[in-house]
Amino acid sequence: MSGEQFLIWNARGLNSRARRTAVRDVIVLERVSMACLQETKVDVFFVNMINELLGPDFDYSCLPSVGVSGGVLVG
C-alpha cells in the first residue's frame with residue numbers, strides 16, 4: 001500500500017520513560033502505521049505503557065522478555 005510507514009527498531013530496553021518517549025516521538029513524527037519493537041527487555045506489558053509507546057489507536061501483540069533479554073512489541 002502506498003503511504004504506509006513501517007518502523008522496525010531494536011529498542012534495547014523500554015523500561016525507561018525517556019526511551020518510551022523517544023520511540024513515541026518517532027512514531028508520531030514519521031506517521032508510522034506499523035511498528036515492530038524488538039529487544040524491549042520488558043517482561044510485563046501494561047496497557048498504559050503501550051499507549052505511551054504507540055498511542056491508543058494501535059492494535060498490538062507482544063512477547064515478553066525472558067530475564068534481561070528479548071521482548072517484542074508489534075503494533
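**Close-up 1. S16 caps the N-terminal end of helix α1.** A side-chain oxygen of S16 lies 3.2 Å from the backbone nitrogen of A18. The model is predicted: local features need pLDDT of at least 70, side-chain atom pairs count only at pLDDT 80 or more, and totals for chains, interfaces and linings use all residues. Residues are numbered from 1 along each chain as its sequence is written, and side-chain values use heavy atoms, with hydrogens and water left out. Helices (DSSP runs of H or I, at least four residues) and strands (runs of E, at least two) are numbered from the N terminus. Helix α1 has 13 residues and spans 18 Å from its first C-alpha to its last. That is close to the 18 Å expected at 1.5 Å a residue, where the expected span is 1.5 Å times one less than the number of residues. Just after α1, R31 has a positive phi of about 55°.

**Close-up 2. The buried residues of α1 line one face of the helix.** They are R20, V23 and I27. Buried means under 20% relative accessible area, exposed over 50%, and partly exposed in between (1.4 Å probe, protein chains only). Seen down the axis of α1, the buried residues fall within an arc of 65°, taken from the directions from the helix axis to the C-beta atoms. An α-helix has 3.6 residues a turn, so residues three or four places apart point the same way. The buried residues of α1 pack against β1 (6–10), β2 (34–38) and α2; contact means heavy atoms within 4.5 Å. On the other side of α1, A18, V28 and L29 are exposed.

**Close-up 3. Salt bridges that share partners join R17, R20 and E52 into one network.** A salt bridge is a side-chain nitrogen of Lys or Arg within 4 Å of a carboxyl oxygen of Asp or Glu. The whole structure has 2. R17 meets E52 at 2.9 Å, N to O. This pair links R17 in α1 (residues 17–29) to E52 in α2 (residues 47–54), 35 residues apart. R20 also bridges to E52, with the closest N and O atoms 2.7 Å apart. That pair ties together parts 32 residues apart in sequence. R20 is buried at 8% relative accessible area. R17 is exposed at 55%, and E52 is partly exposed at 24%.

**Close-up 4. C36 and C62 are too far apart for a bond.** Their sulfurs are 12 Å apart. A disulfide needs a pair of cysteine sulfur atoms within 2.5 Å, and the whole structure has 0. C36 is buried at 18% relative accessibility; C62 is partly exposed at 28%.

Conventions. A polar contact is a pair of N or O atoms within 3.5 Å; within protein, one must be able to donate a hydrogen and the other to accept it, and residues adjacent in sequence count only if both atoms are side-chain atoms.
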